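Here is a friendly walk through one protein model. Keep the picture beside the text and look up each residue as its name comes along.

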Amino acid sequence: MPQIPTQEFERLPLRVHDFLAGVRLHDVWAVDLPRMRSGITLDEFLRAAGALPFRPSPVVRALLNLRLFVGRLLGWDREVDAAVRETFAARLTTADLSKTRAPAGTREGLFRIVYRFENEQLLELINRTAHAAALSALVETPNAYRFYFGVYVQSVGRLTPVYMALIDPFRKLIVYPSLLRSVRRTWNQTFGIA
């Protein structure tokens with residue numbers, strides 16, 4: 001599954017570009033999905049897939065469990081004090097709130113929903129390692145669909161760049177390729193493609 005140039009992603013007409021202005025786009029990935037009919041939206045895909053397009057492989061689950069274990073031991077996963085942090089949801093405009101199809105702050109696994117529009121969803125995670133956001137977007141092309149997965153990272157202290165450098169090889173070589181393969185499998189199962 002290819003990591004794509006940020007320029008391709010930034011050319012897409014997505015709300016996230018203005019919404020997270022000033023927050024570093026760490027990387028972006030894409031996977032092409034078969035087109036069996038036109039008009040499928042990300043919202044439709046998420047609802048049909050039970051809001052779970054990502055189904056981690058056993059290896060990814062093991063890495064995640066190891067990371068969560070270390071995080072508990074070192075206190076990395078405690079959320080920072082609410083008085084000190086500002087969730088990305090605080091940036092939502094009245095127009096954003098009128099378009100979102102899921103309430104901001106709703107838990108989605110380890111993440112919280114910031115917004116879910118028709119073809120774009122932003123989730124966030126705030127802990128002592130990073131304030132991270134995961135963007136999923138679905139774009140219909142003439143012959144297929146393209147699912148984009150972007151990762152934004154805002155530093156929460158001196159640990160953030162060290163932590164991101166340590167996990168980058170695992171994210172890039174194992175985790176994201178596996179998750180994007182699972183998106184393709186979920187898409188095929190959801191829409192009945194053999």
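This is a predicted model: local features need pLDDT of at least 70, side-chain atom pairs count only at pLDDT 80 or more; totals for chains, interfaces and linings use all residues.

The report below covers confidence, the nonpolar cores, a surface patch and salt bridges.

Residues are numbered from 1 along each chain as its sequence is written, and side-chain values use heavy atoms, with hydrogens and water left out. The predictor's confidence in each residue, pLDDT, runs from 0 to 100. The protein chain averages 89, and 94% of the residues score at least 70. Helices (H or I, at least four residues) and strands (E, at least two) are DSSP runs, numbered from the N terminus.

**The inside**

In soluble globular proteins, nonpolar side chains tend to be buried together. A nonpolar core is a set of buried Ala, Val, Leu, Ile, Met, Phe, Trp, Tyr and Cys residues joined through side-chain atoms within 4.5 Å. Buried means under 20% relative accessible area, exposed over 50%, and partly exposed in between (1.4 Å probe, protein chains only).

The largest core has 27 residues, and Phe147 and Trp187 are among those that touch the most other members. Two or more residues come from each of β1, α3, β5, β6 and α6, with α6 giving the largest share, 8 residues. Another core, of 23 residues, lies apart from this one and includes Ile4 and Tyr148.

**The outside**

Leu66, Phe69, Leu73 and Leu74 make a nonpolar surface patch of about 430 Å². For such a patch, nonpolar side chains (Val, Leu, Ile, Met, Phe, Trp, Tyr) with over 30% relative accessible area and no salt bridge are joined within 5 Å. Leu74 belongs to helix α4 and is exposed, at 52% relative accessible area.

**Charged partners**

A salt bridge is a side-chain nitrogen of Lys or Arg within 4 Å of a carboxyl oxygen of Asp or Glu. The count comes to 12 salt bridges, and here are some examples.

| Pair | N to O distance |
|---|---|
| Arg146 and Glu8 | 2.5 Å |
| Arg171 and Asp27 | 2.7 Å |
| Arg37 and Glu44 | 2.3 Å |

Arg146 lies in strand β6 and Glu8 in helix α1, so their pair ties together parts 138 residues apart in sequence. Arg171 of helix α6 and Asp27 of strand β1 are 144 residues apart in sequence, and both are buried. Arg37, by contrast, is partly exposed, with a relative accessible area of 37%. Shared partners join Asp27, Asp168, Arg171 and Lys172 into one network of salt bridges.

Technical notes: Patches are made of residues with over 30% relative accessible area and no salt bridge: like charges are joined within 9 Å, nonpolar side chains (Val, Leu, Ile, Met, Phe, Trp, Tyr) within 5 Å. Accessible areas come from the Shrake-Rupley method with a 1.4 Å probe; for residues, only the protein chains shown count as cover.
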